[in-house]
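Subject: A structure for you to look at

Hi,

Here is the structure I promised to pass on. Please open it alongside this message, and my notes follow below.

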Amino acid sequence: MVTPVAQYILKGERFLVYTIILPFTDPEITSHYLLNLVVQYYLLIVGLAGFSAAENVLILFVTSVAGYADVLNNKINEMNTLLLDAQNSRDRTSVKLKLREIVLLHQRVLEYEDDLDKRYYLNNYVKVASSIFNLTGALFGCYVSNSFTMYALAITIVIQLFELCLLGTILSIKNEEIRHAFYDSLWYLMDHSEKKDFLIMFHKSQHAKEMTVASMAPLNIVLFIAVSIT
């Protein structure tokens, strides 16, 4: 990133960050060269900031869902304890209150996942497609020029793709944990009205949203391995 500036200051050689230049400018002219260099560095910094922000929002979404999923599992375990205690009692207030907490919490998890799907439906496709395209180009560059830059670019793309697939895998694992928590709960100790609410949640947990590549393939480690092997 600092190479063009260092080369210009130390050796007087003129290199640009990108090969694309502003219209009606000539890099051979010092003022034009510096203008192009400033604009390219500006675009690079803004682009990195935007990319970092987008990645952080995605990580925030997934980690929030993971956190809510853990809390939901704990609530279900607490409800199991209350169900055992309520077997010999007619007062089921504590069970109903805990079930209401679980319903609201599960609804929040579903809303997060739905929001995540809407926001990143096409974004995931663009990221995966561009990663594959850029990785192909970088590997070709490694083969042709054996350049350190191409190797560094290829490694960076692989890390980026792995991070994206890992987030999708985490979401899938948390959804699976929620399904198992519902399935392994003591739902058979509930009364009729409680079972009705609980079975609705159980049904919804079996159709939870997953991160996908525009609904064409699940976004997970399996996809990362498939791309890596290919």
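**Helical content and overall shape**

Over residues 125-144 the chain is 100% helix and 0% strand, with the end C-alpha atoms 29 Å apart. Please keep in mind that this is a predicted model. That stretch is one of the segments that an unreviewed UniProt entry lists under "transmembrane region": residues 41-69, 125-144, 150-173 and 211-229. Residues 211-229 come out at 47% helix and 0% strand, and here the end C-alpha atoms are 21 Å apart.

For the protein chain as a whole, the count is six helices and zero strands. Following the sequence, you will read the pattern α-α-α-α-α-α. The C-alpha trace spans about 90 × 35 × 25 Å along its principal axes. The radius of gyration is 26 Å, whereas a compact globule of 230 residues would have one near 17 Å.

Buried residues account for 33% of the 230 residues. The chain exposes about 14200 Å², and carbon and sulfur atoms supply 66% of that area. Of the contacts with a separation of 6 or more, 68% are between residues 24 or more positions apart.

**Salt bridges**

A search of the whole structure turned up 13 salt bridges. Let me take you through three of them.

Glu78 pairs with Lys98, and their closest N and O atoms are 2.7 Å apart. This pair links distant parts of the chain, since Glu78 is in helix α2 and Lys98 in helix α3, 20 residues apart. Lys98 counts as buried because its relative accessible area is 11%, under the 20% cut-off. Glu78, at 36%, is partly exposed. Leaving aside residues up to four places away in sequence, Lys98 touches Lys75, Glu78, Met79 and Leu82. Helix α3, where you will find Lys98, covers residues 93-145.

Next come Lys96 and Glu194, whose side chains meet in a salt bridge at 3.4 Å, N to O. Lys96 lies in helix α3 and Glu194 in helix α5 (residues 192-205), so this pair ties together parts that are 98 residues apart in sequence. Glu194 is buried, with a relative accessible area of 1%, while Lys96 is partly exposed at 38%.

Asp114 is partly exposed, with a relative accessible area of 25%, and Lys118 is exposed at 61%. Salt bridges that share partners also join Lys75, Glu78, Lys98 and Glu101 into one network.

**A buried arginine**

Where does Arg179 sit? The answer is helix α4, residues 148-183. Arg179 counts as buried because its relative accessible area is 18%, and the cut-off is 20%. Beyond residues up to four places away in sequence, Arg179 touches Phe202, Ser205, Gln206, Ala208 and Glu210.

Which backbone angle stands out at Phe24? Phi is near 65° there, a positive value in a residue other than glycine. As background, most residues other than glycine have a negative phi. Phe24 is placed in the loop between α1 and α2, the latter covering residues 30-85. At 86% relative accessibility, Phe24 counts as exposed.

Finally, Val5, Ile9 and Leu10 form a nonpolar patch on the surface, and together they have about 320 Å² of accessible area. Val5 belongs to helix α1, residues 3-11. With 32% relative accessibility, Val5 counts as partly exposed, and it qualifies for the patch because members need over 30%.

**Where to begin**

Lys96 in helix α3 then takes you across to Glu194 in helix α5.

Best wishes

Technical notes: Residues are numbered from 1 along each chain as its sequence is written. This is a predicted model: local features need pLDDT of at least 70, side-chain atom pairs count only at pLDDT 80 or more; totals for chains, interfaces and linings use all residues. Side-chain values use heavy atoms; hydrogens and water are left out. Patches are made of residues with over 30% relative accessible area and no salt bridge: like charges are joined within 9 Å, nonpolar side chains (Val, Leu, Ile, Met, Phe, Trp, Tyr) within 5 Å. Accessible areas come from the Shrake-Rupley method with a 1.4 Å probe; for residues, only the protein chains shown count as cover. A salt bridge is a side-chain nitrogen of Lys or Arg within 4 Å of a carboxyl oxygen of Asp or Glu. Helices (H or I, at least four residues) and strands (E, at least two) are DSSP runs, numbered from the N terminus. Buried means under 20% relative accessible area, exposed over 50%, partly exposed in between (1.4 Å probe, protein chains only). UniProt positions are given in the numbering used here, feature names are shortened, and annotations may be inferred rather than shown by experiment. The radius of gyration is taken over C-alpha atoms; the globule rule is 2.2 Å times the number of residues to the power 0.38. Contact means heavy atoms within 4.5 Å.
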